[in-house]
Each structure stands twice: as C-alpha cells, then as structure tokens.
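The following exercises ask the reader to work through a fold step by step. Each task is followed by its solution.

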Amino acid sequence: MTNFKTFIESKEKEDVSKIIAKLPKNHQKLLNGYKFKYTGGNTLHGDNEHIGYIHKDNIVVAAPWHYSRSFTTLHEIAHLVYEKLFTEELKKEWSDLFKNTIKSQIEKNPNSKDSLKQNAEEIFCMAYAATYAKHPPSTYLNEKWQDFVKYLP
Ligand SMILES: [Zn+2]
C-alpha cells in the first residue's frame, strides 16, 4: 500500500528527473555520482538562508514553501555548474551582467527586494533555476539572465 506521503515523494522524484533530463548534457554529466537528499524543513537545519548544500556526494535540498522541489534542486545544480564549468572570464561576464541588471530587476520587483539582495553566485543559481523550472517565480525572470544561462557552455 502506498500512503499519501510516499505518493508525493515519488511524484516529486519523477518531476525532478524530468527536469534534469532537459538540462544540457554536460550539466547532467556533472551530477554523475551525486545523490539527491530531500529534507522536510522550510530551510536547512540551523540555517535560515540556504535552501540546499552540496557535501561530498550528496546534494541536500530543503523544502522552502515558496519554491518547488524542482526549483530548489535546479538551484543546487547551478552551484555545481558555477563551481565546475565557469572559467574566470565567465564569472566576470556574469558578475558584470549582474551588476548592470540587478538595480532594474529590483525596481521591477519591489516586493522581492530582499530576495534579490544576494551575491552574484546566488542570483546566478536563482536565474538558472528560473530558466529550467516549470513555474519560475517572476523575481528571477529577466531576459538577459535567461539568455546568459541558455548560452552557457
Ligand atoms: Zn545557493
């Protein structure tokens, strides 16, 4: 017998693997050897800012009420992409784009001012997640950001 919780969990796993299947192949490759672990909390234990972390071969993802599982999973994958695929030039390119666009993005989303007050890497991860998630929060939708993500190597 499957209970409701098991049903939800397998449904989430299915959604997450469907989303991963849509990522560029070399981003999918980065996930080889990693296991996803989902925790029930809104944020991670003892940490009210981070929605996930990567430790050894585990990608641990929390369940913040305002983001979907797939969004938070994509956010953590983006950290791997940033860490493993970004050259210094690419980091500079993103950080310049971030600096040139963040002000107007905050003006467009005054209610999301606090969410947008993060460093360039965190905002990159949000922009990456928003590019591939099914129902991305408008806070991180910005044509230039999504273009940058889509044309990543
Ligand atoms: Zn992060």
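Contact here means heavy atoms within 4.5 Å. Axes are lines fitted to C-alpha atoms, for helices over the stretch in contact, and angles run from 0 to 180 degrees between N-to-C directions. The model is a predicted one, in which local features need pLDDT of at least 70 and side-chain atom pairs count only at pLDDT 80 or more, while totals for chains, interfaces and linings use all residues. Residues are numbered from 1 along each chain as its sequence is written, and side-chain values use heavy atoms, with hydrogens and water left out.

**Exercise 1. The overall architecture**

Task: State how many helices and strands the protein has, and give their pattern along the sequence.

Solution. Step 1: helices (H or I, at least four residues) and strands (E, at least two) are DSSP runs, numbered from the N terminus. Step 2: on this basis the protein has 7 helices and 3 strands. Step 3: their pattern along the sequence is α-α-β-β-β-α-α-α-α-α. Step 4: 42% of the 153 residues count as buried, where buried means under 20% relative accessible area, exposed over 50% and partly exposed in between (1.4 Å probe, protein chains only). Step 5: of the contacts with a separation of 6 or more, 57% are made by residues 24 or more positions apart.

**Exercise 2. The sheet and the helix across it**

Solution. Step 1: strands of a sheet pair through backbone hydrogen bonds, either parallel or antiparallel. Two strands pair if DSSP finds at least two bridges between them. Step 2: strand β2 (residues 52-55) and strand β3 (residues 58-61) run antiparallel and are joined by 4 bridges; Ile54 has Ile59 as its bridge partner in β3. Step 3: the hairpin of β2 and β3 has 2 residues between the strands, and Lys56 takes a positive phi near 50° there. Step 4: β1 and β3 also have 4 bridges, but in the parallel sense, and Tyr38 has Val61 as its bridge partner in β3.

Step 1: Thr72, in helix α3, is buried at 0% relative accessibility. Not counting residues up to four places away in sequence, Thr72 touches Ile51, Val61, Ala62, Pro64 and Tyr67. Val60, in strand β3, is buried as well, at 7%; its C-alpha lies 8.6 Å from that of Thr73, 13 residues apart in sequence.

**Exercise 3. Packing of α6 and α7**

Task: Describe how helix α6 and helix α7 pack, and which residues meet.

Solution. Step 1: two packed helices are described by the angle between their axes and the distance between the axes. Step 2: for α6 (residues 120-132) and α7 (residues 143-150) the angle is about 85°, and the axes are 9 Å apart. That makes α6 roughly perpendicular to α7, given that angles under 35 degrees count as roughly parallel, over 145 as roughly antiparallel, 65 to 115 as roughly perpendicular and the rest as oblique. Step 3: residues of α6 including Ile123, Phe124 and Ala127 meet residues of α7 including Trp145, Phe148 and Val149. Step 4: Trp145, in helix α7, is buried, with a relative accessible area of 0%. Beyond its neighbours within four places in sequence, Trp145 has contacts that include Trp94, Leu97, Ile123 and Ala127. Trp145 and Leu97 are 48 residues apart in sequence and 7.9 Å apart in space, C-alpha to C-alpha.
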